[in-house]
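This report goes through a two-chain model. It takes the contact between the chains, then the annotated sites, then some local backbone and side-chain details.

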Amino acid sequence: MVQESNENLPTSTSAITEDEILLQDQQMKRIEDEQKAAPLVGDKSPFFTLIGYYDEVTSPAFFAKANELAETYSDIRYIRGDGNCFYRAVLVGLVEIMLNDREKLLKFIASSKEWTDRLVKLGFPDWTCTDFCEYFIEFLQKIADGKTKNEAVFENMNDDNTANYLLMFFRLITSGYLKGNSTEYEPFIGEGMPLAQYCESEIEAMWKEADHLAIIALVKATNIHLRIEYMDRSVAPNGGWHHNLPDGDDATFVPDITLLYRPGHYDLIYKKSVDSSG
Amino acid sequence: MTTPSRRRLMRDFKKLQEDPPAGVSGAPTEDNILAWEAIIFGPQETPFEDGTFKLSLEFTEEYPNKPPTVKFISKMFHPNVYADGSICLDILQNRWSPTYDVAAILTSIQSLLDEPNPNSPANSLAAQLYQENRREYEKRVQQIVEQSWLNFGENEGDAVMKDDVDTDEIGGGQDDDRMDEGGASGSNA
């Protein structure tokens, strides 16, 4: 058989047999089951638990880096690796901030309402998109009204269906930000793919990993300061060990949320508080 | 507390009732919001015209993040529909988006009827006839269009199409499946 259809596999239903589909389904199911063995959002764990993942002899670079990061960071919250980890880490990070800062919570509710109107104006399918927005706003409003306690918030974050419905809001505003600034971002999309198609297949589709464009767009859409720490220098822009978004000088940049990037995956990490260091 | 999927499905249903797209209808079964039945009318000026095709939609708690399983209950003859009624349609598989609702699913299937994708054949005979012998293809389609009235009458006592078919043939009940050679031909001419 000719395999020419492989290159556009992700977006086409080209000639594949029923058996192949069945096999794919089984493999997908197995991967999904493995992923679901881990919680969506772990409890805060001591950062040094990360060191245990790396062997000093077989992966000396990551082992050393984990040790180095442990000097700066006290805690890590492991996020399930299901393709949603970037969006989920930001969602959880933001919710944590809002649980402790009522002013930011109310501000974010207001900006989420603005996003609802903006998405409709951008031509997103009207009622299904507004439903995701309403659900997210309701979730925040219940926190603001004291109807949802902190523990319940984290239960929601760990319930697949609730958490993923909330997460979809983040995918939509990421897509909305790109669509609203298409002239600026379209040139970055490879192979001449139209921006709208890129947004639909790569951003709005659940379980699709966030690429660099998605990361910038979500940072801008939520108006946060994000720092990403890298385990090695191969992926960080400018060959650095970490990346500030939006671009900011290390001396003055104060991140709201910090993520740790390990190849293909993001977790939330927390800096040591000043008085507890040393 | 209702789950997001059940909440969304209630809203899908409300939307479908208040603002129904042309030629499709659907509703949850009486006791289960996750199991729906739908009807798609064959698009006009196509070989599927006048067909009333029944489908089942099975949702999970992961809807709308995951698509429902959609199957034709009525017999179908189409390049992208398997023998068991399963449908090979990209938006129900790898191009699914959580922004689709039931109305979007049903209208997509309705347009698929007259716009088959011969590159992903689920029924190789249908795909072959569609490409090589359109006359025979349309004849086969006409047969399942006529069967769709029978099945409809069989399952729904007071179905709208009842008057169009010979009542003796409806009475045949279980034997309907075997009458695929023009049993009710011309009844709606």
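The sections below start with the basis of the model and its confidence.

## Basis and confidence

The model is predicted: local features need pLDDT of at least 70, side-chain atom pairs count only at pLDDT 80 or more, and totals for chains, interfaces and linings use all residues. Residues are numbered from 1 along each chain as its sequence is written, chains are lettered from A and ligands numbered from 1 in the order in which they are written, and side-chain values use heavy atoms, with hydrogens and water left out.

The average pLDDT (the predictor's confidence in each residue, from 0 to 100) is 89 for chain A, and 90% of its residues score at least 70. In residues 1-14 of chain A the pLDDT is below 50, and this stretch has 15 contacts in the model beyond near neighbours in sequence; contact means heavy atoms within 4.5 Å. Where pLDDT is low, the predicted coordinates should not be read in detail.

## The interface of chain A and chain B

Chain A brings 30 residues to the contact and chain B brings 26 residues. The area buried between the two chains is about 2400 Å², with 53% of it from carbon and sulfur atoms. Buried area is the accessible area (1.4 Å probe) that two parts lose on being put together, summed over both.

Five salt bridges cross the interface, a salt bridge being a side-chain nitrogen of Lys or Arg within 4 Å of a carboxyl oxygen of Asp or Glu. B:Arg7 forms a salt bridge with A:Asp131, and their closest N and O atoms are 3.2 Å apart. On the side of chain A that touches chain B, α1 (18-36), α5 (126-144) and α7 (160-180) of chain A each supply at least two residues. Helices (H or I, at least four residues) and strands (E, at least two) are DSSP runs, numbered from the N terminus. The most comes from α5(A), with eight residues. By class, this side of chain A has 15 nonpolar, eight polar and seven charged residues. Here Ala, Val, Leu, Ile, Met, Phe, Trp, Tyr, Cys and Pro count as nonpolar, Asp, Glu, Lys and Arg as charged, and the others, Gly among them, as polar.

## Annotated regions

An unreviewed UniProt entry gives the annotation "active site" for A:Asp82, A:Cys85 and A:His265. These residues are spread over 184 residues of sequence but cluster in space, with a largest C-alpha distance of 9.0 Å. A:Asp82 is in the loop between β2 (73-79) and α3 (85-100) of chain A.

For chain B, the UniProt annotation "domain: UBC core", also from an unreviewed entry, covers residues 4-150. That span is 37% helix and 18% strand, and its end C-alpha atoms lie 38 Å apart. UniProt annotations may be inferred rather than shown by experiment.

## Backbone and side-chain details

Where are the cis peptide bonds described here? One runs from A:Leu245 to A:Pro246, with omega near -10 degrees, and A:Pro246 is in the loop between β4 (242-245) and β5 (257-262) of chain A. Another runs from B:Tyr63 to B:Pro64, with omega near 0 degrees; B:Pro64 is in the loop between β3 (52-58) and β4 (69-72) of chain B.

A:Trp207 is not a glycine, yet has a positive phi of about 65 degrees. A:Trp207 sits in the loop between α9 (195-203) and α10 (212-222) of chain A.

Over all chains the count is 23 salt bridges. Among them is the pair A:Lys65 and A:Glu68, with the closest N and O atoms 3.2 Å apart. Both residues lie in helix α2 (residues 60-72) of chain A, three residues apart, about one turn of the helix.
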